[in-house]
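Colleague: I have a model open and want to learn how to read it. Can we go through it feature by feature?

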Amino acid sequence: LPCLCLTPSRCSGVGLALCQRLLEEDGRIHLCIACRNVQKSEDTRDLILAAHPGAQVSTVQVDLGNLASVLRAARELRCRFQHLDFVFLNAGIMPNPQVNFKALWRGLLTGKVLHMLTTAEGIMTQTDRLNGDGLQEVFTTNLFGHFMLVRQLQSLLCGKEKPSHLIWTSSSNARESAFSLSDYQHAKGQESYSSSKYATDLTSVVLNRKYNNQGLYSSVVCPGLVMTNMTYRILPVFLWKLLMPIMWLIRFFAKTYTLTPYNGAEAHVWLFKQKPEYLDLLVKYHSCTTGLGRCYVEARKMDVDEETAEELYQKLLELEEQILEKYRDLLD
């Protein structure tokens, strides 16, 4: 079972926990770790092999925010593998996150604070920037780089005899209110993370419509609120130390407070064990944890408009065409 797992540059957090949990489920898989930093991905590989000495674990370098890197990685993967059974699209960034404390205070006064704390709705902003390709960095890293990789790996993914499953890491922060078709890269707003995750949900819906009959299926998951390097950048370290006991208490009321990367990977691992052709492909699968620490998965219907999803998909195809023209020398 060749299995590709895309993780952030540090190969940590949910990505690392997912790799370890997949091998606990099935030691026969060939796990390919794809991340930006070569040395850290090799260190991660060594760490995994120390716990699973007989495992097949390889690495490939890819920076999802650099589209030339995406094309090079796709070419390398096409040379290495004949088929990919699973692709976990887990890489993501949230640059310069800021908490809107005024909005949080309003939430306390209006009784909406628990909803805000579990979805980050209205209280999280980010400052985005352009990447080397002239595209918004969050949009490219969180969605478009993954999209182009999937398109470039079609020959390894589409085959009716043996289905392939794309599993995207989305978020409960994926909100229609943060997304606009006229600004699908979110150049004008301050909620680029939310916009990119909503666009991820839309993209998954269309991929199913286009490719299910070719044996390719797509699902989205939400890992819940997990304490990772991305999360720790939101507030100063001393504040997190003060808040952690409160967060463990909140988990009795907010089941999406998974907190640990191991718990956050629950929905990913659950999907690994399912037959994708029997899943509801308009559902997002949420990792959840009870107050006493029991992990489980909750399926929730996605709030997506299929017509908007189709329009976004066409815009992504147009943008892809421009990028492929720019990097013709990297194509086979």
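Modeller: Start with a span. The end C-alpha atoms of residues 302-329 lie 39 Å apart. The span is 75% helix and 0% strand. Keep in mind that this is a predicted model.

Colleague: Which feature does UniProt place at residues 302-329?

Modeller: The record, an unreviewed entry, gives "coiled-coil region" for residues 302-329.

Colleague: Next, the rings. How is a pair of aromatic rings described?

Modeller: By the distance of the centres and the angle of the planes. Here the count comes to eight aromatic pairs. One of them is Phe-86 with Phe-272, a tilted pair at 4.7 Å centre to centre, with 50° between the planes.

Colleague: Where in the chain do Phe-86 and Phe-272 sit?

Modeller: In distant parts. Phe-86 is in strand β4 (residues 86-89), and Phe-272 is in helix α12 (residues 266-272). They are 186 residues apart. Both Phe-86 and Phe-272 are buried.

Colleague: And Trp-270 with Tyr-285: what are the distance and the angle?

Modeller: That pair is also tilted, at 5.3 Å centre to centre and 35° between the planes. Trp-270 is in helix α12 and Tyr-285 in strand β9 (residues 283-289), 15 residues apart.

Colleague: Why does Trp-270 count as partly exposed?

Modeller: Because its relative accessibility is 29%, and partly exposed lies between the buried limit of 20% and the exposed limit of 50%. Tyr-285 has 5% relative accessibility, so Tyr-285 counts as buried.

Colleague: Which residues form an aromatic cluster?

Modeller: Phe-139, Phe-144, Phe-147, Tyr-184 and Tyr-313 form one. A ring can also have a charge over it: the charged end of Arg-21 sits over the ring of Tyr-262, 4.1 Å from its centre.

Colleague: Now the cores. What is the general idea?

Modeller: In soluble globular proteins, nonpolar side chains tend to be buried together. In this model, the largest nonpolar core has 54 residues. Phe-144 and Leu-166 have the most contacts inside it. Beyond its neighbours in sequence, Phe-144 touches residues including Leu-67, Leu-135, Leu-316 and Ile-323. A second, separate core has 28 residues, among them Leu-23, Val-57, Phe-88 and Tyr-285.

Colleague: One last residue. Is Thr-289 buried or exposed?

Modeller: Buried, because its relative accessibility is 0%. Thr-289 is in strand β9.

Colleague: What does Thr-289 touch, not counting residues up to four places away in sequence?

Modeller: Arg-251, Lys-255, Tyr-257, Thr-258, Asn-263, Arg-294, Cys-295 and Tyr-296.

How values were computed: Residues numbered from 1 in each chain as written. Predicted model: local features only at pLDDT ≥ 70, side-chain atom pairs only at ≥ 80, totals over all residues. Heavy atoms only, no water. UniProt positions renumbered as here; feature names shortened; annotations may be inferred. Helix = DSSP H or I, 4+ residues; strand = E, 2+ residues; numbered from the N terminus. Phe/Tyr/Trp six-rings, centres within 6.5 Å; stacked < 30°, edge-to-face > 60°. Buried < 20%, exposed > 50% of the residue type's maximum accessible area, 1.4 Å probe, protein only. Lys NZ or Arg CZ within 6 Å of the ring centre and 35° of its normal. Core = buried A, V, L, I, M, F, W, Y, C linked by side-chain atoms within 4.5 Å. Contact = heavy atoms within 4.5 Å.
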